[in-house]
Amino acid sequence: MIYISLGSNLGSRINNLRHAVDLISEGILSNIRCSNIIETEAILPKNAPPAWNKPFLNMVISGEAKLSPHALLTGLKAIEQEIGRPAVYEKWSPRIIDLDILLIDDAQLDDPQLTIPHPELNNRPFLLHLLAMMGLQNCHPQACSGSKPTDSEILNQVQDDRLYRPTKSLSLHPALVGIVNVTPDSFSDGGLYNNTDQAVEKIWELARNGASVIDIGAQSTRPGAGIIGPGLEYQRLKPVLDSLAGPMDSGDLQISVDSFWPEIIHKLLSDYQISWINDVKGELDDDTLKMIADKKCKYCIMHSLSVPVNSSEFLPSDANAMSVIKEWGSRTIERLLKLGLALDNIILDPGIGFGKTPYQNLDILRSISELKILGTQIMIGHSRKSYISALCNAKAIDRDLETIAISLGLMHDVDFLRVHDVEGHMRAMVAYNAVT
Ligand code: ADP
Ligand code: MG
């Protein structure tokens with residue numbers, strides 16, 4: 001078994017880790033298992049510039065490979081460069097991605113290019129902690145430099161030592177899409193982030209808590225919401241996007257815009273580095289879709305019967321809701337591919353709560369793995385929605401417990417969960433991962 005550590009303290013750190021895991025699983029390791037992610041402070045020499053003091057996200061993956069150790073190192077270095085790490089860099093300086101080989105079975109190797117086990121392994125209690133959480137307590141202590149700390153020493157260090165104590169624990173899969181509504185009237189957070197400062201602060205909070213993408217909406221789609229039109233939508237979005245333009249350009253922040261107005265989408269794609277267009281109506285014209293394709297922007301399209309939701313319009317009661325979604329999905333994908341969208345840039349959302357009864361919503365969620373056959377990435381937006389009233393009496397804003405429980409049931413079958421409570425999701429997923 002091979003163990004590799006992944007670290008990132010530049011850019012959108014969680015997306016960098018996911019990018020690296022994807023590339024490693026495509027070309028290097030099979031049967032990959034991922035640890036949770038922990039954030040720790042950078043380990044730096046005393047004279048390091050203060051700008052280097054940026055916290056790392058760290059994780060470990062295990063897997064199998066038929067490569068020689070040196071071929072493995074070469075493959076990992078190629079991935080570091082593909083993700084954007086320069087070929088030449090100063091030791092200890094911040095890095096978009098760092099891939100280190102910790103262990104290769106019980107191999108011991110020491111030459112100018114490669115030392116196995118990794119020479120620093122026993123000096124990094126947070127890595128020993130992640131390995132132990134993956135069930136590998138006894139990692140060749142005699143071969144590592146320094147003596148391996150005992151379990152209680154590792155635990156003490158990751159709980160008490162300022163340098164090694166994780167400041168946060170996150171889960172890599174599925175990616176979380178954080179929701180921010182710059183509206184006065186959205187169903188669960190309407191009015192909370194209705195001015196630019198509040199919205200921008202919330203966006204950074206969601207990103208810090210581990211959201212991979214933040215979805216900004218300026219039009220409520222709840223039942224009974226009024227359609228505000230493109231002019232007001234633009235007025236609400238522009239100041240928020242202006243405040244975030246720098247981090248969007250640098251890739252520090254991935255922003256999705258929830259809009260179905262062609263003129264808004266054209267303007268925003270021309271003016272900003274938008275990562276996703278989230279289209280809840282699914283009626284965009286060919287030109288707009290071609291522009292999304294040209295910009296290599298991801299396009300998330302949702303199944304709906306009416307937007308805003310008309311609470312009396314549902315799929316027929318004798319319909320198999322999942323079959324309807326699958327037929328819609330294949331038709332949609334065929335059209336999008338013809339217009340030039342890459343399959344990797346299409347995300348399908350079955351549209352929980354949009355034209356389905358609570359029972360139909362639950363049917364769709366229970367059979368969600370069937371959507372894998374479509375070959376695109378899948379996003380579910382089930383957070384706090386009213387089908388949960390079939391399960392409890394809580395008001396929309398108090399439905400995070402049910403939302404998270406349902407997310408745990410979905411997490412192995414979907415790529416993205418669009419949620420309000422990113423922090424709560426991460427805590428629950430981290431704990432769930434630890435015992436599954
Ligand atoms: P660090 O990981 O220490 O921050 P680098 O990633 O720049 O720094 O690694 C520096 C060099 O360490 C690599 O170019 C590689 O040749 C060498 N090296 C030695 N052992 C290992 C190992 N087990 N895994 C990865 N790199 C290693
Ligand atoms: Mg390295």
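The lining of the second largest pocket in this predicted model draws on several elements: β1 (2-8), β4 (56-64), α2 (69-83), β5 (98-104), β7 (115-116) and α3 (125-133) each supply at least two residues. The space inside the second largest pocket comes to about 910 Å³. If you want to find its centre on screen, look for Arg-95, Asp-98, Asp-100, His-118 and Arg-124, which are the closest to that centre among the 36 lining residues. Sorted by class, the lining of this pocket has 17 nonpolar, eight polar and eleven charged residues.

By class, that makes two nonpolar, three polar and two charged residues around the largest cavity.

Now for a pair of helices. Two packed helices are described by the angle between their axes and the distance between the axes. Here, helix α5 (residues 196-208) and helix α6 (residues 229-250) have axes that come within 9 Å and cross at roughly 40 degrees. The two helices, α5 and α6, are therefore oblique to each other, and the crossing of α5 past α6 is right-handed. On the α5 side, the contact is made by Thr-196, Ala-199, Val-200, Ile-203 and Trp-204; α6 contributes Pro-239, Val-240, Ser-243, Leu-244 and Pro-247. Taken by class, the contact of α5 with α6 has eight nonpolar and two polar residues, with no charged ones.

Note on methods:
Residues are numbered from 1 along each chain as its sequence is written. Chains are lettered from A and ligands numbered from 1 in the order in which they are written. This is a predicted model: local features need pLDDT of at least 70, side-chain atom pairs count only at pLDDT 80 or more; totals for chains, interfaces and linings use all residues. Side-chain values use heavy atoms; hydrogens and water are left out. Axes are lines fitted to C-alpha atoms, for helices over the stretch in contact, and angles run from 0 to 180 degrees between N-to-C directions. Helices (H or I, at least four residues) and strands (E, at least two) are DSSP runs, numbered from the N terminus. Angles under 35 degrees count as roughly parallel, over 145 as roughly antiparallel, 65 to 115 as roughly perpendicular and the rest as oblique. A crossing is left-handed if the near helix is turned anticlockwise from the far one by less than a right angle, and right-handed if clockwise. Contact means heavy atoms within 4.5 Å. Ala, Val, Leu, Ile, Met, Phe, Trp, Tyr, Cys and Pro count as nonpolar, Asp, Glu, Lys and Arg as charged, and the others, Gly among them, as polar. On a 1 Å grid over the protein atoms alone, a cavity is a set of points where a 1.4 Å probe fits but cannot get out, and a pocket is an open set with protein on both sides within 12 Å along at least five of seven lines; lining residues have an atom within 4 Å of a point. Grid points are joined across faces, edges and corners, and a volume is the space filled by probe spheres set on the points.
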